Amino acid sequence: MSVLPYPLLSASLLLMWMTLNSFSIGHFVLGSIIALFASWAMAALRPHRPRIRRWHLLPQLLGIVLYDIIRSNIAVVSIILTGRTTRRKSDFLTIHLDLKDTTALAILAVILTATPGSAWLEYNSVDGTLLMHVLDLVDDDAWTDLVKNRYEKLLMEIFE
Amino acid sequence: MNHAAELPLWAAIAVAAFLVMGAALALIGAIGFFRLATFYERLHAPTLGTSWGTGGVVMASMIFFTMIGGRPVIHEILIGIFISITTPVTLMLLARAALYRDRAENDPLVPPSVASSNFPPADESKS
Amino acid sequence: MSVTILYWALTATHVMLSIAMALAVFRMIRGPRAQDRVLGLDTLYVNSMLLLVTFGIGSGRTIYFEAALIIGMLGFVATVALAKFLMRGEVIE
């Protein structure tokens, strides 16, 4: 077992400690000790270690997600305020995913659920079937295309 | 409100705009949560308040305390990060609980399970 | 001038967030199913957390931030436990 099993976790814990308290030498030392012990405790649990292959694509993913959240915020606000109930059809949607990495799947689930207008419901890891619910389902193919080409392709490039 | 007297005008306008935007999004989310017809539709409404609703209020608080204190105050961003990570988890768990309960009652509107394990027999009492 | 702008923005924010909390409470009472009530509780605590952050801007103290953080954490744990309860009928398996 190495001294620092999860460098990213330790760094973010230290950063969180210093934002909560203050950016000083004393809190840097204290936060480092806490982050070190926390990463040892995490290593004792032996979780699946995520492997990020292409770091430079992460900002692109973040930008796409923030832009899509703003766009779907506006769409859902207009649905709620205009009270469209007759033309709007909200329904379940089944998508076949090729993504296998568990960390990437978790990130995809968080992206889809955090975006207003779509929610991740169920996933079968054996055949890769995803059941999701969409608030304004105009076109099945458009949503499948969004998930497959906009998010899944990028996540596969980053993690696989 | 005397502590805000030395706040420059542009900062006050920015803080006010972010505050009103965030609170309006949270309110619209709650209105949608109140008005939409089925549970699975209502599931989408609170994410308005937790995505850019929280983002707006947190951004206003960060600008305000940074301008008042004269040094960068960014600890509010922890609330934003925390909420944006936890909300999808709670919504997914709630959605799966709702699917489980609806299937246990043989609700015709809910699609069959995509999970490979067999679904347990319906023996739960209602609500 | 900036005090006036902030005062009215904060008042509007408080009113809007209070209405949002009232709507969440109404959904909690009306239901119709248990999952609607749990989702109402979730919406209620998120809105009360935002209200506490705006109280912090109004008073200029950072103590409200800590209260908001604690509400966020406890609300998350409570909702997860309730969702787990709805799925299985028991929290500790």
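Colleague: Which side chain meets that of Asp102(B) in a salt bridge?
Modeller: This is a predicted model, in which local features need pLDDT of at least 70 and side-chain atom pairs count only at pLDDT 80 or more, while totals for chains, interfaces and linings use all residues. Side-chain values use heavy atoms, leaving out hydrogens and water; residues are numbered from 1 along each chain as its sequence is written, and chains are lettered from A and ligands numbered from 1 in the order in which they are written. A salt bridge requires a side-chain nitrogen of Lys or Arg within 4 Å of a carboxyl oxygen of Asp or Glu. At 3.3 Å, N to O, the partner of Asp102(B) is Arg33(C).

Colleague: What does the pair of Asp102(B) and Arg33(C) join?
Modeller: Helices are DSSP runs (H or I, at least four residues) numbered from the N terminus. Asp102(B) lies in helix α4 of chain B and Arg33(C) in the loop between α1 and α2 of chain C, so the pair joins two chains.

Colleague: Is Arg33(C) buried or exposed?
Modeller: Buried means under 20% relative accessible area, exposed over 50%, and partly exposed in between (1.4 Å probe, protein chains only). Asp102(B), at 7%, is buried. With a relative accessible area of 14%, Arg33(C) is likewise buried.

Colleague: How many residues apart in sequence are the parts tied together by Asp68(A) and Arg150(A)?
Modeller: The closest N and O atoms of this salt bridge are 2.8 Å apart. Asp68(A) belongs to helix α3 (residues 58-82) and Arg150(A) to helix α5 (residues 140-159), both of chain A, so the pair ties together parts whose separation is 82 residues.

Colleague: What is the relative accessible area of Arg150(A)?
Modeller: Asp68(A) counts as buried at 3% relative accessibility. Arg150(A) is partly exposed, its relative accessible area being 28%.

Colleague: Which residues of the largest nonpolar core touch the most other members?
Modeller: A nonpolar core is a set of buried Ala, Val, Leu, Ile, Met, Phe, Trp, Tyr and Cys residues joined through side-chain atoms within 4.5 Å. The largest one has 37 residues, and those touching the most other members are Leu19(B), Phe64(B) and Ile79(B).

Colleague: Which residues of chain C does Phe64(B) contact?
Modeller: Contact means heavy atoms within 4.5 Å. Neighbours within four places in sequence being set aside, Phe64(B) contacts His3(B), Ala4(B), Leu7(B) and Val15(B) in chain B. In chain C, its contacts are Leu6(C), Ile57(C) and Gly60(C).
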